[in-house]
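Below are some brief notes to read beside the model. Please go through them with the backbone displayed.

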Amino acid sequence: MLEIPRLLNQLEAELKQTIIDRRLSNPLMIGIRTGGVWVAEQMYQRLHISDPLGLLDISFYRDDFSQIGVNPNVRPSQLPARVDGRDIILIDDVFYTGRTIRAALNEIFDYGRPNQVVLGVLIERDGRQIPLSPDCVGASITLNVGQRIKLTGPDPLAIEIQTLTVAA
Amino acid sequence: MSDNLQLNSEGKLKHFLSIEGLPKELLTEILDVAESFVGMTDQQIKKVPLLRGKTIVNLFFENSTRTRTTFELAAKRLSADVLSMSIATSSTSKGESLLDTIRNLEAMFVDMFVVRHAISGAAHFIAQQTAPHISVINAGDGQHAHPTQAMLDMFTIRQIKKDFSNLRIAIIGDILHSRVARSQIQALNTLGVAEVRVIAPKTLLPAHVESLGVNVSHNLNVGLKDVDVVIMLRLQKERMTSALLPSESEYFKCFGLTEDKLKIAKPDAIVMHPGPINRGVEIESKVADGPQSVILNQVSNGIAIRMAIMAMAMQKQGIV
């Protein structure tokens with residue numbers, strides 16, 4: 001059911017429609033590391049975006065810093081040009097609680113004040129914890145309690161559903 | 001002194017007191033995290049929310065411009081609240097003990113002390129005595145250590161030379177009084193450079209200096225050969241109690257870095273100095289301001305490296 005080509009096609013179609021509906025002009029695309037960047041690279045090609053692809057590392061903006069600490073694999077964010085007044089398409093792999101997107105928006109707004117932000121994700125799963133939701137999705141799914149979904153990649157992109165076993 | 005005090009039970013940084021006892025992986029992690037903070041200067045709002053709501057106290061019992069201001073800026077860019085205390089303006093000059101000062105600040109719910117003190121071991125002492133949720137960063141203690149300076153130097157070297165393994169580094173000047181040199185030598189050897197050389201007159205070298213893992217030279221013309229990184233140290237006139245040198249001009253003639261002397265090192269060698277510079281004493285202005293000098297890069301990098309160290313020490317706060 002979750003075949004990557006179909007998900008990518010669906011996300012592409014929804015993004016194209018949203019670009020028209022929301023009248024995005026010369027949009028800037030930003031992928032969230034790591035999985036979001038892989039998806040963004042595909043959409044970037046398909047939508048013929050002209051500005052270089054932006055890469056966002058939200059490690060310094062996470063809300064669970066005091067519990068999990070600094071991610072040792074943090075890399076610098078690379079946002080091209082200015083974001084002031086721009087229309088932004090933000091891409092992530094999986095939308096789950098919404099906390100990653102909150103962190104990403106906080107970081108983007110520290111670079112400037114965009115005109116619009118549209119959120120596209122490959123997969124939306126249940127479990128939202130804050131009032132944010134994606135604008136464009138490849139597919140929406142419901143998982144059992146204790147199940148996790150993960151995108152692996154970049155070549156080939158694949159979806160992995162793991163069932164977490166609770167330690168006895 | 002046990003340096004395990006620096007790590008919590010999970011092996012993560014808790015206090016940053018000395019390079020000694022810290023594994024290579026941790027030093028590399030500090031450099032990697034700092035790398036991401038350098039990019040932050042592109043942001044309109046040059047702040048990340050990592051330490052929002054935390055209170056950091058800069059306790060400076062000794063004068064400093066660069067170190068204090070970069071610590072202060074680093075804390076502010078992590079969104080912490082910062083209080084900078086210079087001790088000439090505080091109660092210790094009225095006779096309050098160090099421990100009483102600490103206890104009083106603890107009672108104000110602070111989260112971190114950044115300490116500079118003229119006595120070696122002062123930061124260790126505070127780390128041992130303070131409440132378990134508080135982290136302590138050593139910003140220079142006596143002649144013992146200045147680990148954040150050493151780390152910003154490592155960062156600057158890596159930025160330009162990329163890899164440590166083939167590098168020959170010369171540290172020149174007043175090694176005896178220099179806490180910077182001690183921390184640099186430990187960091188360079190932990191990160192695995194090919195060779196660390198110290199070049200100085202015998203009177204400015206500590207006894208058994210070779211045991212630190214360095215080669216020794218008393219001659220600048222010989223010692224600079226094949227060197228990739230030249231680190232000049234400040235001649236610490238204020239710490240010299242006896243006559244260790246004939247005169248400043250004599251010192252400059254033998255150990256001062258001039259354009260001609262620099263030509264002995266590799267053509268792409270970089271010149272570093274922790275500041276403040278004594279122009280015409282240990283280094284000629286033409287070299288300090290010249291194309292091979294990275295002295296101002298060191299200052300800029302000081303902010304990113306101190307952000308990384310403060311953020312890493314505050315993570316999982318309270319885990320002892």
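1. B:Asp226 is partly exposed: 14 other C-beta atoms lie within 10 Å. That count falls between the two cut-offs, because a residue is called exposed at 12 or fewer and buried at 20 or more. Bear in mind that this is a predicted model.

2. The backbone at B:Asp226 deserves a look. Its phi is positive, about 65°, although the residue is not a glycine. B:Asp226 sits in the loop that runs between α7 (220-223) and β8 (229-232) of chain B.

3. Chain A has a residue to check in the same way. A:Arg23 is not a glycine, yet its phi is positive, near 55°. A:Arg23 belongs to the loop between α1 (4-21) and β1 (28-32) of chain A. Is A:Arg23 buried or exposed? A:Arg23 is exposed, since 9 other C-beta atoms lie within 10 Å and the limit for that class is 12 or fewer.

4. Next, the cis peptides. One joins A:Gly153 to A:Pro154, with omega about 5°. Another joins A:Asp155 to A:Pro156, with omega about 0°. Where is A:Pro154 found? A:Pro154 is in the loop between β6 (147-152) and β7 (158-163) of chain A. A:Pro156 is also placed in the loop between β6 and β7 of chain A. Please inspect both bonds.

5. On to the domains of chain B. Domain 1 covers 3-145 + 300-314, and domain 2 covers 147-299. The C-alpha centres of domain 1 and domain 2 of chain B are 25 Å apart.

6. The two domains of chain B touch. In this contact, 26 residues of domain 1 of chain B meet 23 residues of domain 2 of chain B. On the domain 1 side, α1 (24-38), β4 (135-141) and α11 (295-314) of chain B each provide at least two residues. Which element gives the most to that side? It is α11(B), with six residues. By class, the domain 1 side has twelve nonpolar, nine polar and five charged residues.

7. Last, the contact between the chains. Chain A contributes 15 residues and chain B contributes 20 residues. On the side of chain A that touches chain B, α3 (65-68) and α4 (99-111) of chain A each supply at least two residues. That side of chain A comprises eight nonpolar, four polar and three charged residues.

Notes. Residues are numbered from 1 along each chain as its sequence is written. Chains are lettered from A and ligands numbered from 1 in the order in which they are written. This is a predicted model: local features need pLDDT of at least 70, side-chain atom pairs count only at pLDDT 80 or more; totals for chains, interfaces and linings use all residues. Two residues are in contact if their C-beta atoms, placed from the backbone, lie within 7 Å. Helices (H or I, at least four residues) and strands (E, at least two) are DSSP runs, numbered from the N terminus. Ala, Val, Leu, Ile, Met, Phe, Trp, Tyr, Cys and Pro count as nonpolar, Asp, Glu, Lys and Arg as charged, and the others, Gly among them, as polar. Domain bounds come from an automatic or database domain assignment.
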